[in-house]
Amino acid sequence: MSDLKRTGLYDLHLELGGKMVPFAGYEMPVQYPLGVMKEHIHTRTSAGLFDVSHMGQVILRPKSGDVADAALALESLVPVSLLALKEGRQRYAMFTNDAGGITDDLMVANRGDHLFVVVNAACKDADIARMQANLSITCEVEVIDDRALLALQGPLAEAALAAIAPAVAAMKFMDVTIVASAYGDLWVSRSGYSGEDGYEISVANDLATALAKALLATDGVEPIGLGARDSLRLEAGLCLYGNDIDETTSPVEGAIEWAIQKARRRGGERPGGFPGATRILNELEHGATRRRVGILPDGRAPMRAGVELFASEDATAPIGNVTSGAFGPTIERPMSMGYVTTEFATTGTTVYAEVRGKRLPATVADMPFRPSTYKR
Amino acid sequence: MKFTEEHEWLRVEGDVVVVGITEHAAEQLGDVVFIELPDTDQEVAKDDEVVVIESVKAASDILAPIDGEIVEVNGMLVDEPGKVNEDAQGDAWFIKMKPADLSQMDEMMDEAAYKKFIG
C-alpha cells in the first residue's frame with residue numbers, strides 16, 4: 001500500500017487495532033476489533049469517533065472581503081442558494097456538470113468573512129482544480145492540508161465534545177462555529193453522515209491525535225471504521241457519492257432536489273446559472289424518468305450494489321438497479337437503495353431483485369430506514 | 001476433524017459427515033448476516049455450491065467438500081446467522097452429508113496442518 005496516503009491519525013489507527021484498507025487513495029481503517037456490526041450499534045446507542053481526514057477542506061476567501069461575493073461565485077458551480085446561507089450555518093450542495101450530472105456532493109459553511117467547504121476524498125483534486133479555475137477571480141481558494149477532520153456521532157457525542165469545548169452543546173443541526181480549546185481552534189459543525197446527532201471537527205494535524213485520544217477516553221466513545229460508517233449512512237438514507245449518485249445521475253434522479261432552494265429554480269430570484277441548468281430546471285418541474293429510492297428486501301438476503309431490479313418474476317428488461325445494499329444492524333434487516341423508473345418509485349411498490357439467478361421480492365420504501373436524531 | 005484449503009471443517013459422526021467453516025474463516029468474513037442453506041435429500045458433487053454465506057463485507061459460496069447426499073441442514077442459522085461468528089466449529093455447522101466415498105477425506109489437513117496453512 002506504498003502509494004497510499006495516510007491521515008494524521010494513522011499511527012493511532014494501528015494502535016487501536018484498526019484493519020487498514022485502501023480507500024479513495026488513503027489507507028483507512030475499515031473496522032476496529034469491535035467489528036462492523038457492534039461499531040454500528042455502538043454509534044447509535046453511545047458515540048462513535050470516525051477519522052474523515054481524507055476528505056478535502058477548502059476555504060473560499062472573497063477578495064472583496066464580502067462573503068456574498070464568494071457565495072455568488074460558488075453558486076455558478078452548484079444549484080444551491082448560498083447567498084441565503086447565514087453566518088454560522090452550513091448547507092448541503094452538489095457540483096454539477098453541463099449534462100446535469102453530479103460531479104461531487106459537498107458541505108458549504110458561511111463563516112462570516114469566508115466560506116468553508118468540505119468535499120469527498122475521491123473527488124477532492126478535481127473539485128479543487130475546478131474551484132481554482134472558476135472562482136479565482138473573486139476568491140482565494142485555500143486548500144487546508146494541515147488539519148485533520150474527525151466525526152463524533154451518536155447520543156453521547158454532545159457530552160463528550162462539550163467536556164472539551166462547552167460551547168458546542170448549544171449548537172443546532174448544521175450550525176458551524178470556531179471554538180478555542182486545549183487542542184487549538186476547533187472548526188466544529190453540528191452534522192455528520194450517520195443519521196445521528198453529532199459533530200464534525202476540524203483540528204490542526206499536530207493536535208489531532210491528542211484530541212482523538214481525549215475523546216476516546218470519554219465514557220462511551222469508541223473508534224469506528226469505514227464499514228460501519230457505510231451501514232450507518234445507508235440506514236439514514238444518505239447517498240454515497242460514487243455509488244448512489246455520480247456524473248450519470250442528476251439531482252432530481254438522485255432525489256436530492258430538496259437541496260435546491262426556490263431561489264435557484266425557475267421563477268426564483270436567481271434561477272439557473274449553474275452547469276446543467278437546462279436539464280435540472282426541467283426535471284424540477286416535470287420530474288425525471290428514474291429516481292433513487294429505498295428498497296427493503298422482503299426476505300433476509302441482502303441486495304447489494306449492481307443487483308438488477310425487475311417489474312416481475314419473469315420480466316426480461318430491468319427497471320433499475322441497486323446502488324448500495326447491506327444489512328442494517330439497527331433495523332435488523334437487509335436494506336438497499338437504488339434507481340427505478342419513475343412508475344415503480346412509489347412507496348409500497350413490489351419489485352424483484354435478481355440475486356444469484358433468483359428473482360427475490362423487495363418493496364420500495366421511504367428513507368431514512370431508521371429515523372434520524374439530528375438536534376434541530 | 002479434517003480441514004480443507006477452502007476453510008471448511010469436516011467431522012465424522014456415525015455414518016454422516018458434519019460440515020462447517022472454520023473459526024479463522026468466520027473471523028475473516030466478519031459479522032455474518034445471511035445464510036442460504038441447500039435442500040436436503042439431494043446428491044451433490046465435490047465443489048458444488050451448497051451454501052451461500054453473506055457477511056457485512058461480502059457474499060461467499062461454500063462448496064461441497066466431498067461427494068454425497070445432503071441429509072440435514074442447520075436451520076437455526078437462517079434465523080441466527082451470527083452464530084457462525086460465535087461458534088463456527090461447534091453449533092454453527094452448515095450441513096450433514098452421507099458421504100459417497102469417505103476416502104475423499106484422507107488427503108485433507110488435520111488441525112495441526114490447517115493451523116500451519118493459515119499461518
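Domain bounds here come from an automatic or database domain assignment. What you have open is a predicted model, where local features need pLDDT of at least 70, side-chain atom pairs count only at pLDDT 80 or more, and totals for chains, interfaces and linings use all residues. Residues are numbered from 1 along each chain as its sequence is written, while chains are lettered from A and ligands numbered from 1 in the order in which they are written.

**Stop 1: the domains of chain A**

Select 10-52 plus 146-235 for domain 1, then 289-376 for domain 2. Their C-alpha centres sit 30 Å apart. Where they meet, domain 1 puts in 14 residues and domain 2 puts in 16, with contact meaning C-beta atoms, placed from the backbone, within 7 Å. Now colour helices H2 (36-45) and H7 (226-235) of chain A: each gives at least two residues to the side of domain 1 that touches domain 2. Helices (H or I, at least four residues) and strands (E, at least two) are DSSP runs, numbered from the N terminus. That side of domain 1 holds 4 nonpolar, 3 polar and 7 charged residues. For the classes, Ala, Val, Leu, Ile, Met, Phe, Trp, Tyr, Cys and Pro are nonpolar, Asp, Glu, Lys and Arg are charged, and the others, Gly among them, are polar.

**Stop 2: the core**

Show A:Leu74, A:Leu115, A:Leu150 and A:Leu152, which touch the most other members of the 125-residue largest nonpolar core. Domains 1 and 2 of chain A both give residues to this core, so it lies between them. Such a core is a set of buried Ala, Val, Leu, Ile, Met, Phe, Trp, Tyr and Cys residues joined through C-beta atoms within 7 Å; buried means 20 or more other C-beta atoms within 10 Å of a residue's own, again placed from the backbone. Zoom in on A:Leu74: beyond its neighbours within four places in sequence, its contacts are A:Leu60, A:Leu82, A:Val108, A:Leu115 and A:Leu135.

**Stop 3: chain B**

The C-alpha atoms fill a box of roughly 35 × 35 × 20 Å along the principal axes. Of the 119 residues of chain B, 36% are buried.

**Stop 4: where the chains meet**

Bring chain A back. The contact takes 8 residues from chain B and 11 from chain A. On chain B, pick strands S4 (32-36) and S6 (49-55), each supplying at least two residues of the side that touches chain A. S4(B) has the largest share, 3 residues. By class, this side of chain B splits into 4 nonpolar, 1 polar and 3 charged.

Definitions and conventions. Buried ≥ 20, exposed ≤ 12 C-beta atoms within 10 Å, placed from the backbone. Contact = placed C-beta atoms within 7 Å.
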